[in-house]
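Colleague: Please take me through this model, one feature at a time. Where shall we begin?

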Amino acid sequence: MLAKKIKNIIQSHIILITLSLLLLQSCSSVRVISDESFNKISNYEYGQSRNSLTDFSNMVNSLAKTEENRELAEENILDFLKTDATFASKQFVCRELRIIGSEKSVEVLSEMLLNEKTTNIAKYALENIPGSKVDDALIEMLPKADKSIQLGIINSLATRKSEASVPSISKLLASSNSDIANTAASALGKIGNDECINYLAPYLDSKNNIFRNIVLDSYLLCADELLKHNKREEANNIYEVLYNKDVPLNIREASLIGIINSTDDKTKEILSRIKSIPNELKFIPISKIRELPESTNLLDFAKLLPALESENQIQLLSVFEDRKDKRVKSFVLKSLNSSNTEVRIASIRTIANIGDETDIIALATIAANETGEISRHSRASLGLLKGNQVDQAILLALPKSEGSIKIELIRTIGARNISSAFNTISTYTKSENKKIRSATFRTLEEISTAENVEDLVKVLFASGNNSDSKRIERTISKVLVKYPENKNTNLLLNKFDSTSDVKIKSSLLRLLGFTSGAKILQILRNELTNKNEEIKIAAVSGITNWKTSEPLDDLMQFLTSAQNEKVKSNAFKGSVKFISMDNKLDPNEKVNLYKEVLPFAKTSNELNLILDEIGHTDSFESLEVIKPFINRPDLKETVDDCINRVSWHLHQDDPERVKEYVQWFLSKIKDERFQTKNTHLLEVIDRYITSKKSN
């Protein structure tokens, strides 16, 4: 009897516990997101700190890693959406539902969807939740919703590519409300299945132009979808229907692209279309040639070249240039004689990619006889011609050519850097034709190596013409910079010691400046006191060419004592250069040296040179030095830039002092551009001062 009583009591407790659990479950979801977490975001408003939102999002992402926690998190968020939390916080958690939501969210979100205030945030979440239940809910609400909400539902179904919604959406094509009809037509294009095609077809010739254009665009999208699923024939039929209708140009262009993309024989289709369609559409099939297999013979396309309009010829030539099909060359060569400049340039550019050694003279002739862009592109193409035989063919053609053709070939040897041509090219330094000699020296700059310096020096010694001496000297200097070999330094030194010719000695002094070594620098220093003015000037130039700032003191001393203005000018430029490049000097030391050199600036060019360097030296003394030169028209740009640059660089070091300088300059310089730039700088300085005080 007692056992029975105990059993009844236990059963009663079990029933009570079960009922309690069921009651709890019905009242609230199991919590995996705490009330504290929701409280932190429930009052969020736009513009406030998003830290709590970020923490919440990270927590949800962590919970979503297990199916059980993801489901519970979803339930917790759905409960939150039923509270009186702010709209901004609800919008935020809807973004979380977009990531973790399931069909469980449909009921709550559907209610929100029909509320004009919350419709957009609910729609945003629903669009990304998988499952047919979402589609069914949206379809069910479609006829019940107000117009603005209805538009959103249509767009959501389109975004979801809901095929189940097609019959419902298609009924809206006949809506008297243009917004609804237009949105429905657009949605069917985005969904894009066979059923959509059937529903859209009757409206292709609608009298309402706006609606018709949307229908045409959607019909085109349906064809694209067919093609994507390899239903080529069906897609091609639709593209053909659209192309042959009286449709806007953009639809016709897209349809033509579709026809070519969906055809079985692209090459044949492209060729046919280029021959038959209006000129304004030919660019489409021509552009499609690039997509043909690399093995495609483009000869049939090249045959069309002469009959095309200039614009289409240029486009086709560009295709040939990219495809590098040498079989079309004969037709491209004919286009070199076009009356249209742009066609000729396109042909020349194409020859660079498909040409060979047989095209050298043709390109050289054009380069020699034409001017401007045509000549420039011909030279460029000569330099770019491919093939093992091209360089050799140029060298073989050179002695047989005359005048301007020879000059172009000499230039081409430099452009192609044919170093093996040195001996051949150097013979033309003795040419009686001044232009040939000039081209030769320029090419020798490009092709000479360290091994050629001795031969170049021989040319220098043999040169009796002053202008030629300068050219060969320049050539040697370029080679010395590229190849700083000790043996060439010794060569120049030996030649300097062995000659008494003033002009040759002067050239060698200038060239020694491009070398290095204490011995060479001492020789240059010694020659600064030479009684011969020409040698003295050459020594200054040589020192100015020095790679380090070591000779700075020599030049500054020489600057104060020299009498010859040309010597002074060279010494001035060298001093400015060495002050600028001396990294051991701090900004104030540099400015002080510039101040010493500044009185020797005699021309606007020299003043601009040194003031620009002062403007690149971040010192308050720079702003002092610049003051006497404000408002001089010949120095204005340099001075204004100097003030602005130095002030910007110094304003964080001493903002109050910079501000005083800027205000002073603004009171003296009324130029609008200067005023605008430096008024802005003052505002920046004021903000910086305020920020610094607050910290």
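**Reading helices, buried sites and a pocket**

Modeller: Start with packing. The buried residues of α24 lie against α22 (360-369) and α25 (403-415). Helices are DSSP runs (H or I, at least four residues), numbered from the N terminus. The model is predicted, so local features need pLDDT of at least 70 and side-chain atom pairs pLDDT 80 or more, while totals for chains, interfaces and linings use all residues. Residues are numbered from 1 along each chain as its sequence is written, and side-chain values use heavy atoms, without hydrogens or water.

Colleague: Which residues of helix α24 are buried?

Modeller: Buried means under 20% relative accessible area (1.4 Å probe, protein chains only). In α24 (residues 390-397), that applies to V390, A393, I394, L395 and A397.

Colleague: Why is α33 largely enclosed by the rest of the structure?

Modeller: Because ten of its twelve residues are buried. They are I535, K536, I537, A538, A539, V540, S541, G542, I543 and T544. These pack against α31 (502-512), α32 (518-527), α34 (552-561) and α35 (565-581). α33 (residues 533-544) reaches 16 Å from its first C-alpha to its last, close to the 16 Å expected. At its start, a side-chain oxygen of N532 comes to within 2.9 Å of the backbone nitrogen of E534.

Colleague: How much space lies in the largest pocket?

Modeller: Rolling a probe the size of a water molecule over the atoms shows where empty space is left. Here the largest pocket holds about 460 Å³. Of its 20 lining residues, N466, K470, K503, R510 and E534 are the closest to its centre. The elements that give two or more residues to the lining are α28 (453-462), α29 (466-482), α31, α33 and α35. α31 gives the most, with five. A pocket is an open set of points on a 1 Å grid over the protein atoms alone, with protein on both sides within 12 Å along at least five of seven lines; lining residues have an atom within 4 Å of a point.

Colleague: How do the residues of that lining divide?

Modeller: Four are nonpolar, nine polar and seven charged.

Colleague: Now single sites. Is L81 buried or exposed?

Modeller: L81 counts as buried, at 6% relative accessibility. Its place is in helix α4 (residues 67-81). Contact means heavy atoms within 4.5 Å. Beyond four places in sequence, L81 touches K90, V93, C94, L97, V108, L109 and M112. L635 is 554 residues from L81 in sequence, and 69 Å away in space, C-alpha to C-alpha.

Colleague: What does S156 contact, leaving aside neighbours within four places in sequence?

Modeller: K123, E127 and L138. S156 sits in helix α9 (residues 147-159). With a relative accessible area of 1%, S156 is buried.

Colleague: And where is the place of S375?

Modeller: In helix α23 (residues 372-384). S375 counts as buried, at 4% relative accessibility.

Notes: Expected span 1.5 Å × (residues − 1). Buried < 20%, exposed > 50% of the residue type's maximum accessible area, 1.4 Å probe, protein only. Polar contact = N/O pair within 3.5 Å; in protein donor to acceptor, adjacent residues only side chain to side chain. 1 Å grid on protein atoms, 1.4 Å probe; cavity = no way out; pocket = protein on both sides within 12 Å on 5 of 7 lines; lining within 4 Å. Points joined across faces, edges and corners; volume = space filled by probe spheres on them. Nonpolar A, V, L, I, M, F, W, Y, C, P; charged D, E, K, R; others polar.
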